[in-house]
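Hi everyone, thanks for making time this morning. I'd like to walk you through one model, so please have a look at it while I talk.

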Amino acid sequence: MKKNPNIVFILTDDQGFGDLGCTGNPIVQTPNIDSFYNESLRFTNFHVGPTCAPTRSGLMTGHFANSTGVWHTVGGRSLLRKDEVTLATALKNAGYETGIFGKWHLGDAYPYRPMDRGFNETVVHGGGGISQTPDYWGNDYFDDTYFVNGEPVEFKGYCTDVFFDEAIKFIEKNQNQPFFCFIPSNAPHLPYNVPNSYSKPYMNQTNDDRARFYGMITNIDENFARLRAKLSELNIEDDTIVIFMTDNGTSCGITVDASDYVIDGFNGGLRGGKNSEYDGGHRVPFFMKWTNGGFDVGKDLNQLTANVDFMPTLLDMCDVKEEKLEFHGMSLLPYMRGNEKGLDRTLVTDSQRVAYPVKWRKSAVMTNDWRLINGRELYEINQDREQRFDISHKYPEVVRRLRTDYDKWWKLVSTQYDEMIPYPIGEETIHITCHDLRNEECETAWNQRHIRSGLRIDGYYEVEIEKSGKYRFGLRRWPQSIDLPIAKGIIGQDIEFSKEFIQEKNWETYSGGEALQIDYAQIQIQGIIETKKVEEDDREAEFVLELEKGLTRLSAKFIGKDKEGVTAAYFVEISKA
């Protein structure tokens with residue numbers, strides 16, 4: 001019986017179209033990815049979301065990001081709806097072993113974690129980047145603690161090396177059966193931390209941040225070569241679909257002016273970088289090779305394609321049938337084999353990054369020939385790659401047609417905008433953080449430095465009480481891993497740690513930590529408001545409440561003597577009492 005092909009999918013973070021040698025960058029060194037480029041199908045007009053989580057939701061579901069509930073990277077808008085079937089789940093149901101090693105960014109607590117969404121083996125950091133609030137406290141890319149199937153485990157080494165190490169172990173273990181190995185590196189996402197040996201060669205060629213950014217990319221390139229060598233050593237490379245792509249436009253490879261035109265750096269001739277509605281924000285490199293499938297000769301595929309095509313294409317290539325699934329994208333396998341039927345279509349991407357989506361906000365309506373930006377600006381993309389000449393006044397009929405296509409797309413993706421994406425309160429203990437706190441400004445303490453500084457935030461969580469009963473809520477300012485009193489800082493204010501202790505705990509990057517004037521903790525849910533005094537040495541404020549089954553909002557905060565709000569609780573543990 002013929003074995004289905006394996007899949008190895010490398011997805012890098014915040015690396016743009018121009019951040020590779022093979023796409024023309026004159027500085028960054030990526031010889032191994034360049035070599036792979038020469039042997040691959042190259043989708044030259046491949047589009048994603050302009051930021052991290054929206055791209056990932058489209059890749060994992062074949063659905064436009066807004067329809068999956070993922071239109072931001074924080075504020076509860078990066079949680080992938082529970083009813084979405086992921087690529088990992090479909091492959092797992094078809095007999096694949098599935099593993100993810102790196103960045104997930106579609107939910108950090110049950111039931112949104114990768115281990116809940118089809119991955120058998122998970123080694124991931126928390127949130128949208130290492131050192132963000134849901135991540136393990138003190139992580140800084142070196143000798144970090146990552147979550148292995150939900151449990152914290154310490155690792156030695158640089159983050160990208162660790163994720164590739166774990167991926168290679170997974171491949172070795174599953175070499176005799178079909179596997180899906182997903183390596184979404186957090187690099188080269190900021191902070192731009194990398195061993196000096198990688199950044200030093202670039203220090204005299206560009207600014208310091210970009211030198212480190214390029215060093216992170218060169219490190220990825222070396223790990224990519226190591227991975228391919230292992231596939232060859234195991235004699236499984238020819239029957240493995242290997243994919244390299246990036247998740248959005250560059251975060252550091254360019255400097256742009258107020259109109260998003262590049263004034264420094266290399267961007268492959270594209271306008272805009274990360275979070276831009278112009279092509280530089282969402283047009284990314286996508287290279288694929290599968291020798292046994294006949295895709296091992298360098299070839300450009302120039303038709304318009306997108307992340308929503310990814311899941312249906314891979315399922316088609318692996319002959320996995322999921323009869324009940326419907327996709328917003330399409331299988332590209334016929335196109336890869338020379339049939340371009342159906343590719344004369346309109347696709348839309350946008351960057352919302354707000355609490356509630358706004359029609360036309362930072363949007364691009366795309367065809368093979370046109371780009372309509374924000375419903376107003378029109379560019380003939382094959383003649384004007386940099387999108388410098390708005391010709392909407394010359395082609396009003398094209399603008400009208402593309403606006404009509406956008407209206408159809410908006411109707412498709414907006415049907416669930418008002419529906420909650422709740423955390424379940426029931427049998428499973430969950431740990432949630434203010435990274436997913438909902439408020440109108442989407443303001444959250446998304447990074448651990450915000451917690452140290454005592455960033456004042458407010459908001460609520462969407463929750464669902466699965467069964468009427470008593471539940472326990474534990475509110476914290478600091479994570480359990482460092483177990484500090486709620487109102488105290490890491491240094492000063494009666495809490496003093498020696499320099500040696502801070503170094504041992506890897507807290508140099510996280511030194512400081514402002515003490516807050518917290519006198520009470522307060523919880524609000526289902527019309528219940530309870531307030532509790534916070535004593536000097538309290539690490540946690542505990543509440544036990546009798547709740548009724550149903551959807552509701554949860555507010556958990558710390559307040560001062562005047563009963564005015566100081567900040568939302570940064571960490572909340574919820575369990576059955």
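Asp161 lies in helix 4, where helices (H or I, at least four residues) and strands (E, at least two) are DSSP runs, numbered from the N terminus. Before I go on, this is a predicted model, so local features need pLDDT of at least 70 and side-chain atom pairs count only at pLDDT 80 or more, while totals for chains, interfaces and linings use all residues. Residues are numbered from 1 along each chain as its sequence is written, and side-chain values use heavy atoms, with hydrogens and water left out.

Back to our aspartate. Asp161 counts as partly exposed because its relative accessibility is 24%; buried means under 20% relative accessible area, exposed over 50%, and partly exposed in between, with a 1.4 Å probe and protein chains only. Setting aside neighbours within four places in sequence, Asp161 is in contact with Asn219, Asn223 and Arg226, contact being heavy atoms within 4.5 Å. Val358 is 197 residues from Asp161 in sequence, and their C-alpha atoms are 40 Å apart.

What about the rest of the helix? Helix 4 covers residues 159-173, and its 15 residues reach 21 Å from first C-alpha to last, close to the 21 Å expected at 1.5 Å a residue. That expected span is 1.5 Å times one less than the number of residues. Among the buried residues of helix 4 are Cys159, Thr160, Phe163, Phe164, Ala167 and Ile171. An α-helix has 3.6 residues a turn, so residues three or four places apart point the same way. The cover over the buried residues of helix 4 includes strand 1 (6-12), strand 4 (97-102), strand 8 (179-184) and helix 6 (208-233).

Now, the pocket. The largest pocket holds about 800 Å³ of space. Grid points are joined across faces, edges and corners, and a volume is the space filled by probe spheres set on the points.

Which residues lie nearest the centre of the largest pocket? They are Asp108, Pro134, Phe147, Gly150 and His431, out of 37 lining residues. The lining divides into 17 nonpolar, twelve polar and eight charged; Ala, Val, Leu, Ile, Met, Phe, Trp, Tyr, Cys and Pro count as nonpolar, Asp, Glu, Lys and Arg as charged, and the others, Gly among them, as polar. Strand 21 gives the largest share of that lining, four residues.

On to some strands. Strand 24 (residues 520-525) pairs antiparallel with strand 25 (residues 528-533) over six bridges; two strands pair if DSSP finds at least two bridges between them. Tyr520 stands opposite Lys533 in strand 25. Two residues sit between the strands of this hairpin, and Gln526 takes a positive phi near 50°. Strand 24 also runs antiparallel to strand 27 (residues 550-559), joined by six bridges, with Gln524 opposite Ser555.

Last stop: Asp458, in the loop between helix 11 (448-453) and strand 22 (461-465). Asp458 counts as partly exposed because its relative accessibility is 43%. Not counting residues up to four places away in sequence, Asp458 touches Leu437, Arg438, Asn439, Lys557 and Ala568.

Definitions and conventions:
On a 1 Å grid over the protein atoms alone, a cavity is a set of points where a 1.4 Å probe fits but cannot get out, and a pocket is an open set with protein on both sides within 12 Å along at least five of seven lines; lining residues have an atom within 4 Å of a point.
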